[in-house]
Amino acid sequence: MTKSKTIKAIVPTNIALLKYWGKKDEKEQWPANDSLSITLNSMRTETKITPLEAGEEHTFSLNGIPHQRDEASFKKIFSHLDYLSEKFNFSKKLKIESINTFPTACGIASSASGFGALTLGALAAWSGVDSIEDLNKKGFSLEEIAHLARMGSGSAGRSVMGGFCHWSPGGSPKTQSIKSVFPKEHWDLRDTVVIIAKETKKISSTSGHREAWTSPLFAPRLAELPNRLSLMLEAIKDKDISKLGPLLEQEALEMHGVAMSCSTPVQYFSNKTSEFLSWIRTVRQKEKIQVYFTMDAGPNVHLICEENCVEKLRKILQNRVPSEALIEDRIGSGPHLQSF
Ligand code: PMV
């Protein structure tokens, strides 16, 4: 391909089963604990990148709307580009056009897929390649790309891997690892997202990570997590939803418990969320359906189940949730690059 060809990076979002919450070192993006996630399939960011002529400046648009460097919500995007170009001496400026395949402002965090696609796409455009294999030949392995993506948003590192992904803090910022531990074919898990509220979160995850250390629940959480991680990995290895499910719920509630018990409490949970969670627990018992919830740093709920429960779950949800507040997704194989 010619060096100024447009390429498209497609990176799905992910949902954490074991949550990344709290950083040991903010500058190095060194997490306080291990996290484990599934990379999704159809909820993704697609970012088109075209290298520009000398003398031009980076441009960025999201869902067709241009955004500037000095806009508070978009500063991090331009700083991430600066970080990458300075680190590798890439001088060309880029035209970046990003879209999210899930509804905008629906309360679903897009930073994981967004920073994943920005990192992968920018590196491919600067390196003049249009495939992940060729990018690898230029010295950018998927794991290296994952580490670069996490510098924009921690959870973005996990989106660069397909299937089940484990981000381990290791013993120092430099020895962190981000690896796919099982491919998507291992276990066809499904995620039905229930949009409880559309607002984007008022308190950023950056503040949430910082505050976590002030919660009296945080130290006991960190002590328990290695055990929870190995139980989760075992449940995934055995494809045992009845073992994984209760751990998912405990984990999500504990993360929100930590958030809510900080010195400056961070309340992502809404009353509607609580009502929905107790309803789904009743449904699980009454209907004998193996469906379990998890959540991000927001009021929305992710319902995790196996493929054979999806249809029954869809029918159950029909009477409670409007169809436009539901997004059905599944575990996916990770990022792609396309050329034009
Ligand atoms: O990637 P960040 O800094 O937005 O943090 C994400 C934190 C959670 O989504 C709540 C949990 C996780 O592990 O993805």
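How far apart are the mean positions of the positive and negative charges of the protein chain? To see the groups involved, select the 43 positive and 39 negative charges; their mean positions are 1 Å apart. The model on screen is predicted.

**Whole chain**

Show the protein chain as a cartoon: 10 helices and 14 strands can be picked out. Along the principal axes, the C-alpha atoms fill a box of roughly 65 × 40 × 35 Å. The radius of gyration of the protein chain is 20 Å, which agrees with the value near 20 Å that a compact globule of 340 residues would have.

Of the 340 residues, 54% count as buried. Now turn to contacts between residues at least 6 apart in sequence: 75% of these join residues at least 24 apart.

**Ser-180**

Select residues 177-182, which make up strand S9, and find Ser-180 there.

Keep Ser-180 selected and show what surrounds it. Beyond its neighbours within four places in sequence, Ser-180 is in contact with Met-161, Gly-162, Phe-164 and Cys-165. Zoom in on Gly-162: its backbone oxygen lies 2.8 Å from a polar atom of the Ser-180 side chain.

Last, select Thr-119, which is 61 residues from Ser-180 along the chain. The C-alpha atoms of Thr-119 and Ser-180 are separated by 18 Å.

Definitions and conventions:
Residues are numbered from 1 along each chain as its sequence is written. This is a predicted model: local features need pLDDT of at least 70, side-chain atom pairs count only at pLDDT 80 or more; totals for chains, interfaces and linings use all residues. Side-chain values use heavy atoms; hydrogens and water are left out. Helices (H or I, at least four residues) and strands (E, at least two) are DSSP runs, numbered from the N terminus. The radius of gyration is taken over C-alpha atoms; the globule rule is 2.2 Å times the number of residues to the power 0.38. Buried means under 20% relative accessible area, exposed over 50%, partly exposed in between (1.4 Å probe, protein chains only). Contact means heavy atoms within 4.5 Å. Lys and Arg count as positive and Asp and Glu as negative; His and the chain ends are not counted. The place of a charge is taken as NZ of Lys, CZ of Arg, CG of Asp or CD of Glu. A polar contact is a pair of N or O atoms within 3.5 Å; within protein, one must be able to donate a hydrogen and the other to accept it, and residues adjacent in sequence count only if both atoms are side-chain atoms.
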